[in-house]
Amino acid sequence: MSVDEDTRWLEWVTKQFESIAGDDKEIDLDEFKTALKVKESFFAERFFALFDSDGSSSISLDELLEALDLLIHGSETDKLHFLFQVYDVDGHGSIDPDELRTVLKSCLRESAISLPEEKLDDLTLALFESADKDQSGAITFEELKAELETFPEVMENLTISAANWLKPPDVDQKKRQTPRYLTRAYWHNNSRKLFFLVLYALLSLLLFVGAVLQNRHGGVWFMVAKGCGQCLNFNCTFVMVLMLRRCLTWLRATWVVRVLPLDQNILLHQIVGYAILCFTLVHTTAHCCNFVVLAEQSSFRFWEFLLTTRPGIGWVKGTASLTGVVLQVVICLMVLCSSTFVRRSGHFEVFYWSHLSYIWVWSLLMVHCANFWKWFVVPGLVFLLEKIVGVAVSRMGGLYIVEVNLLPSKVTHLVLRRTQFFHFKPGDYVYINIPVIAKYEWHPFTISSAPEQPDSLWLHVRSMGQWTNRLYEYFRQLESPAGSPAGGPAGGPAGSPRKLASSLKTRRQLLRMQDELFSSAHCNGAVATNEDEAVELTMYRQNGPAAVAPPPPSPEPPPDEAGPAERGEAPPLREVPAKFAENHRFCNIKCYVDGPYGTPTRQIFASEHAVLIGAGIGITPFASILQSIMYRYRMRKQNCPKCSYSWCENIKDSEMKLRKVDFIWINRDQKSFEWFVSLLTKLEMDQADEEPEGRFLEMHMYMTSALSKNDMKAIGLQMALDLLAKKEKRDSITGLRTRTQPGRPEWGKVFQKVFEENKGKVHVFYCGAPALAKVIKAQCERFGFHFYKENF
């Protein structure tokens, strides 16, 4: 720091200290915990003990400044020495296994990671054995320093959270940059949308000017009202055209998709909706001003012009004013109930039912305006035809929900029996109606199964509103399969922490025996032969051999007995492990499906390097896409007839031009990864062999609740997780081969790596929160990547 920065830092610390300490000018442990904002009191207590140099059970300003000066201005060795003191709980100058286990356990809690006690022991031993170079049974400061030096990223970014606690915020010294909307990259990536918006604005302007000139005899306010009215005739029809889902899905397969922004029809629908609101307000205001003028020139009063039929304004018995007032109220309510606040706050039904008032809007417009029917007749017939076809297809092809899995974070996994006439593309979505939940409500959800999966259709529904919560509660209250034992973690209740220092050798031998035992039983531990074994393998990796118990064999039916299909019943499904029986349901519930409808992800097979980014339940379209991609990938795979070597032919074809796929999944907590862990495990096993040019599919998992590697509270844990993952060739959090990264992705580095790989034209597909979409889109514009956002 410079002299000025030091002065500003000192003033900042003093000010913050005074606001926390209060009148006694001292910070006690409780005040320290509150200020430090840590979940686990262990770290606050350790920091407090080290800051309290005189042992008075309180921290003075001088003690705080002395400690923070050391951490901010001190050398790398000073910072590491502070870290060592945090880990040296008993203060004996070395770290034994039990101290390390205590620290790692606190790290897990601070990062909201839940692991079995056995896995905590594995992490402790992995880090301890790596750091204890002389095998003395304790880690010295020099050994810890040497171990940290093997992790250059940690050493480079080492920051102490206790120092950052009172570190002054950086003064923004941003250089003047070209506004994003004026950059060449922005215009290149948004050329179709901008071209469309320019055409839309020009057409609206021409309609307005034409109507104004045609009615120039009626005065200024009358001209403005008529100009806005003509624009409303066009917009109130065009807003419907943008929601002709079947037509748009068909157009996506034609050359039109390269000219018009069909993938952004929802955004354009919203823009036109706001334009309708603006034109309506101006139109109504202009008529009101015109009524004031007319009231001065006639025997009718202003309120009679506005709220009665006496003046005879309008082509249907003078009802133009009354219908106009009603239209103004209805349109304002529709826009208000369509706002993001309403839709995202668990009140989707408010948006859904209020939006159905478009029927009243069109009906009133027919009465309000003499020329509206001319604009409406052709698009209205197409819209009506789409609705009739949708109802007919959904009713004739009624499906059944045959299996339900209740997943963490209140996600309902529906398995529907698929008919042979239902065809869709990866990433498509459907509208589903379940009469037992709500008879008249239809809700859109992405299909999460692949088209190549012939017998079933998957939907993953996150509980975020009234309908989705009712769905989850309905299946939660259904009885689980008879005789199924309640699920629970294998291995019994967690015992009290045991002494590890005397059991290092025994633990190593036990772990080696478990790996060898399971390896011999499952194809040398590398490949599962089906999805069930993939799930079992993941369970084993997370919870040990006790978690994997073969289900009892189901009795075979007599050969002459009619099967379920002949009896019109749901087909029998596979047995599920006892661990999941509590949240697993078999059923036969009628539902109706309208669709499928296309999404921007239909462009994925036309790209060469695809980056799929899913945030939370936003993985659902990519679950379908990844399965379909790997199915086509397996079709390309070649095997040597003389040995076990296999490879994938790197060729382009009409079906798939992809040369590389990067899949990034960002979750808040650990349990969310369980939604698709079996699928991801299977995808990894499909790529058990390394390809000559690198892996075709690379997965990147991020857990935002976990503390990042440069946070002192997580340094030891992340080192242990890295070491154990390298040793076991699997991640301790998910059980996958892919290591789960803590914190959020650094998008600049992520896209820089994609850019440097140079695998061809890059298309980035995103599904998740809108706020993150803006960040990713800005990075795509920076690197010249094409960006597509799922939005329906």
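Start by selecting Glu757: this residue is partly exposed, with a relative accessible area of 22%. Here buried means under 20% relative accessible area, exposed means over 50%, and partly exposed is in between (1.4 Å probe, protein chains only). Before going on, note that this is a predicted model, where local features need pLDDT of at least 70, side-chain atom pairs count only at pLDDT 80 or more, and totals for chains, interfaces and linings use all residues. Residues are numbered from 1 along each chain as its sequence is written, and side-chain values use heavy atoms, with hydrogens and water left out.

**Salt bridges**

The term stands for a side-chain nitrogen of Lys or Arg within 4 Å of a carboxyl oxygen of Asp or Glu. Both residues sit in helix H30 (residues 747-757), 4 residues apart, about one turn of the helix. Helices (H or I, at least four residues) and strands (E, at least two) are DSSP runs, numbered from the N terminus. Lys753 is partly exposed, at 41% relative accessible area.

Now widen the selection to Lys660, Asp662 and Glu698, which are linked with Lys753 and Glu757 in a network of salt bridges. Within it, zoom in on Glu698 and Lys660, whose closest N and O atoms are 3.5 Å apart in a salt bridge. This pair links distant parts of the chain, 38 residues apart: Glu698 is in strand S11 (residues 697-703) and Lys660 in strand S10 (residues 660-667). Glu698 counts as partly exposed, at 24%.

The structure holds 15 salt bridges. For another one, select Lys133 and Glu147, whose side chains meet at 3.3 Å, N to O. They also link distant parts of the chain, 14 residues apart, with Lys133 in the loop between helix H7 (117-131) and helix H8 (141-149) and Glu147 in helix H8. Glu147 is buried, with 1% relative accessibility.

Gln135 counts as exposed, at 70% relative accessibility. Next, jump to Ser57, in the loop between helix H3 (41-51) and helix H4 (61-73). Ser57 is not a glycine either, yet has a positive phi of about 65 degrees, and it is exposed, with a relative accessible area of 53%. For context, most residues other than glycine have a negative phi, and most peptide bonds are trans.

Then select Gly595 and Pro596, which are joined by a cis peptide bond with omega at about 5 degrees. Pro596 is found in strand S6 (residues 584-597).

**Surface patches**

Switch to a surface view and select Asp23, Asp24, Asp28 and Asp30, which gather in a patch of negative charge. Patches are made of residues with over 30% relative accessible area and no salt bridge; like charges are joined within 9 Å, and nonpolar side chains (Val, Leu, Ile, Met, Phe, Trp, Tyr) within 5 Å. Lys and Arg count as positive and Asp and Glu as negative, while His and the chain ends are not counted. Asp24 sits in the loop between helix H1 (3-21) and helix H2 (29-36), partly exposed at 47% relative accessibility.

For a nonpolar patch, select Val198, Leu202, Leu205, Val209 and Leu213, with about 440 Å² of accessible area together. Areas come from the Shrake-Rupley method with a 1.4 Å probe. Val209 is in helix H12 and is partly exposed at 38%. Helix H12 (residues 191-214) also holds Leu207, which is buried at 15% relative accessibility.

**Polar contacts**

Finally, select His460 in strand S5 (residues 456-462), buried at 5% relative accessible area. Its side chain makes a polar contact with the side chain of Ser448 at 2.8 Å. Such a contact is a pair of N or O atoms within 3.5 Å; within protein, one must be able to donate a hydrogen and the other to accept it, and residues adjacent in sequence count only if both atoms are side-chain atoms. Last stop: Thr249 in helix H14 (residues 245-251), where the Thr249 side chain reaches the backbone oxygen of Arg245 at 2.8 Å.

Terms used:
Charge placed at Lys NZ, Arg CZ, Asp CG, Glu CD.
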